[in-house]
Amino acid sequence: MKKLSLLLFFIGCAMSAMAQRGGGAPSNQPNVNSDEQLLRTSIKELSDDSFGGRRPLSEHENKTINYIAEKFKEAGLQPVNGSYFQDVPLLSVKTNIKGNAVTLKGKKGSLTLKNMDDIVLWTLHAEKKLKIKAELIFAGFGINAPEYGWNDYEGIDVKGKIVVVMVNDPGFYDDNLFRGKNYMTYYGRWTYKFEEASRQGAAGCIIIHETSAASYGWSVVQNGRTSGQLSLNSPTGNKELVPLQGWITGEAAQKLFDIAGKPLQASLDAAKKRGFASFPLSVTTTIETNNDVVTGNSHNVVGVLPGTDLKDEYIIYSAHWDHLGIGPVVDGDSIYNGAGDNASGVAAMFVIANKFKNLPQQPRRSILFLAVTAEESGLLGSQYYSEHPLFPLKKTVVNFNMDGMGDKLRTAEVRASGGGLSKDIDRYVIEGAAMQGKPVTFSTTNQGGGFFRSDHFNFAKVGIPVVLAGGSRSLDEKAAAEHRKLWGDKSTYHQPSDEYHDWWDFSGSLEDIYLYYGIGLRLANDGFFPKWDDATYKTAREKQ
């Protein structure tokens, strides 16, 4: 620890020099002991069983958001418009399938699929009862992408029908299509599938699950749907959304195509090629649901450190405070504590806020700290903020989003996502990493759709540049291998086992936190507005 403290002291000195070159006040030096203690204690407290897994709209929300607000106060952050909270109107619908099963009738017989085991269905409509009697249509990937010359809905009317679609996009299977195998476009994201089905007037959209294409297993689908499904609550009660949404396992999809008299694999293969024509499955179903509907305000937690001469320009540090709450029992535990995902990101904000607080001189730009709700339900809190910003988007300089800042050993390099999307941001990351003595490896891949799976994406969509960078390759592979043994073989992602442990090592996470702090401090003082190079996000910025 003494060696690490000395190293981080010199890292802090280098970051201070970097900030001064950018025209800002010198940084306070890292105090690794107090920073680590704050990080460790905050994660441990926020992921304690008493917070009940931090599900929005649950009985545990008030305790969670008040805890965060108190930490913001302690860090000297001020409320915004008189409050540390931004109301986020949410709708929770727990969908109860009649008979807890779905029966399908086809040319080759009938099939009953058990809810949660074979198929997972839900609605986002604010209706206590739902009855859908419809034919099923296989609609390939469920994509309408004019810029890629692809339209799975061409020549077929799906109004009032249930579309069955594939996960990911054609590029996952053919490097010559879309952006190739290593970069999932937003068209491959499950949220897009439901959005397009809504635009097409479908009565339902069911995605065929496949682990490698989705980048997560069936248990993740199940665990995300055991309680009421959350969404932003529109003035219509979400009637503009496709009424029925869901997933079906690959095995159940095989049985579905069997009763349709259609070869599943041949159909999937055909859908991966240009010129595919969607087709009816000649299968019908009647699905009835009784829904437990709850409406209410969840909350983003906000705190601002006002700047000086550029106080009307803003740097945003964000992290989602929510997790999955209380769900299915796994190994005797039903509380999904979310220590790494994402008590750790919120705790990292506390560390950074305190470092800004302790500066001898306030930064020129204002620093907004934003703990958002309902990330696990589709990035809802950050979506709401981006649509109802507390400060003008055109005056918002950059977003640093922190998701997963827990147990991590020191690393030999920084890995940055989205290389080339903003050369300005790339430059800041390179210079910040250099202050830590690290090279930067830029990832231009997005195979699992990671760029779309955390809150930074909602800021990018409205044109705000985002920084996505952190330690990658371990500094000591032997030590890392030994450390991994403490975790065992099972993934903790969206499981009750995502819990804090005293043996967690924060040396790598602290380096990432200092990287974000150093870059943010520089941007807070040098008055520069980074620009997008990617046409999509650049256009969004220009529309602000």
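Over which residues does pLDDT stay under 50?

1. Confidence. pLDDT, the predictor's confidence in each residue from 0 to 100, stays under 50 over residues 1-28. For that segment the model has 57 contacts (heavy atoms within 4.5 Å) beyond four places in sequence. Where pLDDT is low, the predicted coordinates should not be read in detail.

2. Basis. This is a predicted model, in which local features need pLDDT of at least 70 and side-chain atom pairs count only at pLDDT 80 or more, while totals for chains, interfaces and linings use all residues. Residues are numbered from 1 along each chain as its sequence is written, and side-chain values use heavy atoms, with hydrogens and water left out.

3. Backbone. Most residues other than glycine have a negative phi, and most peptide bonds are trans. Asp 341 and Asn 342 are joined by a cis peptide bond, with omega about 10 degrees. Asn 342 belongs to helix H9 (residues 339-357); helices (H or I, at least four residues) and strands (E, at least two) are DSSP runs, numbered from the N terminus. Asn 81, not a glycine, has a positive phi of about 55 degrees and is found in the loop between helix H3 (61-74) and strand S1 (85-97). Asn 81 is exposed, at 71% relative accessible area (buried is under 20%, exposed over 50%, partly exposed in between; 1.4 Å probe, protein chains only).

4. Second largest pocket. Its space is about 1200 Å³. On a 1 Å grid over the protein atoms alone, a pocket is an open set of points with protein on both sides within 12 Å along at least five of seven lines, whereas in a cavity a 1.4 Å probe fits but cannot get out; lining residues have an atom within 4 Å of a point. A volume is the space filled by probe spheres set on the points, which are joined across faces, edges and corners. Of the 50 lining residues, Tyr 186, Thr 191, Glu 195, Phe 457 and Lys 461 are the closest to the centre of this pocket. H4 gives the most to the lining, with 8 residues.

5. Cavities. The structure holds 3 cavities of 30 Å³ or more. The largest cavity has a volume of about 100 Å³; among its 13 lining residues, Ser 417, Gly 418, Ile 425, Asp 426 and Val 466 are the closest to its centre. H11 supplies the largest share of this lining, 3 residues.
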